[in-house]
Amino acid sequence: MLLWLRTAMVTSVPTVKLNDGRSHPVVGYGTYKVGVVPASASSAVAAGTAATEAVNPADCVAKALELGYRFLDCAEFYANEKAVGEGIAASGVPREQLFLASKCWTTTIYDGPEAVQAQLEKTLADLGTDYLDLYCIHWPVPGRHVAAYLQLEKAQAAGQVRSLGVSNYAVQDLDELMASGATVTPSINQIEINPFLYRKETIAAFESRGVKMQSYRTLRDGKAFSDPAILATAQKHGKTAAQVLGRWCVQHGFIAIPKSVKAERMEENLDLFDFELDADDMSQLDALTTPEAISTFVGLYRKCVIRDTPLTDGIKMEITEG
């Protein structure tokens with residue numbers, strides 16, 4: 001009886017149309033650090049260990065699907081796709097109701113198209129599916145990302161991938177991609193987007209070319225939950241800080257990817273569709289990004305495009321920062 005009551009309370013998530021005509025849920029479940037902390041993640045490096053969280057990733061995914069999530073954001077780098085696949089299988093949710101997305105990591109991109117294809121096939125096997133709804137290039141690795149994307153175009157033509165995307169691309173990376181033989185405009189660019197890193201110029205440039213923006217760090221890893229502006233807005237609407245951050249994201253037309261391993265938080269993060277932020281709320285939250293945040297982003301971009309690879313040069317030093 002309890003299971004039936006929970007099933008009856010499943011949240012229905014709206015969708016948006018991508019530039020290839022396919023539908024994409026506006027909120028998804030992020031699987032980064034769910035059960036596994038990748039070895040080169042900043043937290044693992046700082047701790048000196050890739051310690052596993054005390055949760056079962058399969059259970060977390062099954063719970064997220066039970067609550068109504070249908071978009072799962074996965075990645076080679078997250079090192080937990082096999083467990084995610086187990087959670088999908090345990091959930092009993094039909095494949096056609098899911099939107100499964102993944103990304104190939106810098107090391108695979110560096111190793112070339114054959115490695116990209118091999119990783120795609122491993123991801124398909126781990127997730128227990130014969131196609132992905134979305135596959136992305138995780139970072140624009142200098143001198144390598146174009147060839148990797150062209151391989152994704154081949155995989156799309158073969159039916160292994162429905163929509164193609166990129167992640168962490170600057171405007172100049174997209175320019176390079178489309179000038180270097182790509183024939184399919186990415187449908188998605190996944191970047192960090194929240195009120196504390198709101199890069200309006202970059203977002204506008206991608207959206208003007210029909211590319212939808214996915215937001216990672218939608219909730220800023222919880223670091224903004226005590227911010228006075230966020231808390232005041234939450235109190236005004238009778239919502240939580242997390243719900244304000246998520247609502248800000250989807251109200252701007254971005255696809256939100258919150259993450260939690262706690263069922264009550266999963267449910268809270270999905271409960272965004274019974275209120276709206278007003279113009280004053282949005283204006284105030286839009287103004288929270290500082291020059292220091294933009295500068296930190298630029299440094300991270302330059303570091304991460306070659307992360308875990310032997311590359312030391314080729315990094316774009318002039319990109320659209322804001």
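## Charged groups over aromatic rings

In this predicted model, arginine 220 lies over the face of phenylalanine 196, at 4.7 Å from the ring centre.

## Aromatic pairs

A pair of aromatic rings is described by the distance of the centres and the angle of the planes. The structure holds 9 aromatic pairs. One of them joins tyrosine 32 and tyrosine 78 in a tilted arrangement, with 5.0 Å from centre to centre and 40 degrees between the planes. This pair links distant parts of the chain, 46 residues apart: tyrosine 32 belongs to the loop between S3 and helix H2 (42-47), and tyrosine 78 to the loop between strand S4 (71-73) and helix H4 (81-91). Tyrosine 32 has 28% relative accessibility and therefore counts as partly exposed, whereas tyrosine 78, with a relative accessible area of 6%, is buried. Both tyrosines belong to one aromatic cluster, formed by Tyr32, Phe77, Tyr78 and Trp105.

Phenylalanine 297 and tyrosine 301 form an aromatic pair that is also tilted, at 6.3 Å centre to centre and 50 degrees between the planes. Because these two residues are 4 apart in helix H14 (residues 291-304), about one helical turn separates them. Phenylalanine 297 counts as buried at 13% relative accessibility, and tyrosine 301 is buried at 2%.

Strand S6 (residues 132-137) is largely enclosed by the rest of the structure, because 6 of its 6 residues are buried. S6 pairs with strand S5 (residues 99-104) in the parallel sense over 4 bridges, and lysine 103 stands opposite cysteine 136 in S6. S6 also runs parallel to strand S7 (residues 161-167), joined to S7 by 5 bridges; here leucine 134 stands opposite serine 163. Together with helix H7 (residues 145-157), S6 and S7 make a right-handed β-α-β unit. S7 in turn pairs with strand S8 (residues 188-192) over 3 bridges, again in the parallel sense, with glycine 165 opposite isoleucine 188 in S8.

## The nonpolar core

The largest nonpolar core contains 96 residues, of which Val27, Tyr29, Leu72 and Trp248 touch the most other members. Helix H11 (residues 241-251) supplies the largest share of this core, 7 residues. Leaving aside residues up to four places away in sequence, tryptophan 248 touches several residues, including Ile193, Pro195, Tyr198, Phe254 and Leu277.

Technical notes: Residues numbered from 1 in each chain as written. Predicted model: local features only at pLDDT ≥ 70, side-chain atom pairs only at ≥ 80, totals over all residues. Heavy atoms only, no water. Buried < 20%, exposed > 50% of the residue type's maximum accessible area, 1.4 Å probe, protein only. Pairing = 2+ DSSP bridges. Right-handed = clockwise from strand over helix to strand, strands pointing away. Core = buried A, V, L, I, M, F, W, Y, C linked by side-chain atoms within 4.5 Å. Contact = heavy atoms within 4.5 Å. Phe/Tyr/Trp six-rings, centres within 6.5 Å; stacked < 30°, edge-to-face > 60°. Lys NZ or Arg CZ within 6 Å of the ring centre and 35° of its normal.
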